[in-house]
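This briefing sets out selected features of one protein structure, grouped by topic. Please read it alongside the sequence and the coordinates shown here.

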Amino acid sequence: MEIKKIKENKKQFLPLLLLADEQEDMIDRYIDKGTMYVLDDNGIKCECVVTNEGNGILEIKNIATEPDFQGNGYGKILIDFLAEKYKKQYSVLQVGTGDSPLTVPFYQKCGFIRSHRIENFFTDHYDHPIYECGVLLKDMIYLQRKLQD
């Protein structure tokens, strides 16, 4: 298993990126300014894009695991890699997600706690309704994990 930093041709991972953020023009807002990593375990299993949000905050803008390999710990491995790699540069690892019964518990298991929300983010910024586990996503829920004690 190897985690690789991707510097060029990030859009080659678009099908995987679209699993976590299903509107390409939203991905275009952060893909070039973000740092991308992929987890390769006999093929790419998971990817993430992180950005510097200032004030000591590193934000996960996109993280996705190939559907056939979800539930195998790849997402957590990538998050733990980020936490270890950036713990001296940032004080907080942050992620914004929909208020979904699938994603929020995943992040909580990875050590994140709820921080704040942006009301109507999904309904205001996406050109179609987004559902996850049968739930219409409206607000963006932010969760944070401390990187420094």
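The structure is a predicted model. In this model the largest pocket holds about 1100 Å³ of space, and there are nine aromatic pairs.

**The largest pocket**

- Two or more lining residues come from each of the helices α1 (14–20), α3 (74–86), α4 (103–109) and α5 (121–125), and from each of the strands β4 (57–65), β5 (92–98), β7 (131–132) and β9 (140–146).
- Strand β4 provides the largest share of this lining, with seven residues.
- By residue class, the lining consists of 22 nonpolar, 12 polar and eight charged residues.

**Helix α3**

- Helix α3 contains 13 residues, and the distance from its first C-alpha to its last is 18 Å, close to the 18 Å expected at 1.5 Å a residue.
- The buried residues of this helix are Tyr74, Gly75, Leu78, Ile79, Leu82, Ala83 and Tyr86.
- Tyr74, which is found in helix α3, has a relative accessible area of 10% and is therefore buried, the cut-off being under 20%.
- Between Tyr74 and Asp41 there are 9.3 Å in space, C-alpha to C-alpha, and the two are 33 residues apart in sequence.
- Phe81 has a relative accessibility of 26% and counts as partly exposed.
- Lys87 belongs to the loop between α3 and β5 and is partly exposed, at 31% relative accessible area.
- The C-alpha atoms of Lys87 and Lys146 are 8.7 Å apart, although 59 residues separate the two in sequence.

**Aromatic contacts and charges over rings**

- The model has nine aromatic pairs.
- One of them joins Tyr37 and Phe81 in an edge-to-face arrangement, with 5.2 Å from centre to centre and 70° between the planes.
- Because Tyr37 lies in strand β2 (residues 35–40) and Phe81 in helix α3, this pair ties together parts that are 44 residues apart in sequence.
- Tyr37 is buried, at 2% relative accessible area, whereas Phe81 is partly exposed.
- A single aromatic cluster is formed by Tyr37, Phe81, Tyr86 and Tyr90.
- Lys85 is placed over the face of Tyr86, 5.8 Å from the ring centre.
- Lys45 is placed over the face of Phe69, 4.5 Å from the ring centre.

**Positive phi angles outside glycine**

- Asn42 is not a glycine, yet it has a positive phi of about 55°.
- The position of Asn42 is in the loop between β2 and β3 (44–54), and this residue is exposed, with 78% relative accessible area.
- Cys133, likewise not a glycine, has a positive phi of about 55°.
- Cys133 is located in the loop between β7 and β8 (135–136).
- With a relative accessibility of 52%, Cys133 counts as exposed, since the cut-off for that class is over 50%.

**Further positions and separations**

- Asp25 lies in helix α2 (residues 24–28) and is partly exposed, at 43% relative accessible area.
- Leu143 is part of strand β9 and is buried, with a relative accessible area of 0%.
- Leu143 and Val38 are 22 Å apart in space, C-alpha to C-alpha, and 105 residues apart in sequence.

How values were computed:
Residues are numbered from 1 along each chain as its sequence is written. This is a predicted model: local features need pLDDT of at least 70, side-chain atom pairs count only at pLDDT 80 or more; totals for chains, interfaces and linings use all residues. Side-chain values use heavy atoms; hydrogens and water are left out. On a 1 Å grid over the protein atoms alone, a cavity is a set of points where a 1.4 Å probe fits but cannot get out, and a pocket is an open set with protein on both sides within 12 Å along at least five of seven lines; lining residues have an atom within 4 Å of a point. Grid points are joined across faces, edges and corners, and a volume is the space filled by probe spheres set on the points. Helices (H or I, at least four residues) and strands (E, at least two) are DSSP runs, numbered from the N terminus. Ala, Val, Leu, Ile, Met, Phe, Trp, Tyr, Cys and Pro count as nonpolar, Asp, Glu, Lys and Arg as charged, and the others, Gly among them, as polar. The expected span of a helix is 1.5 Å times one less than its number of residues. Buried means under 20% relative accessible area, exposed over 50%, partly exposed in between (1.4 Å probe, protein chains only). Rings of Phe, Tyr and Trp (its six-membered ring) pair if their centres lie within 6.5 Å; planes under 30 degrees apart count as stacked, over 60 as edge-to-face and the rest as tilted. A charge sits over a ring if NZ of Lys or CZ of Arg is within 6 Å of the ring centre and within 35 degrees of the ring normal.
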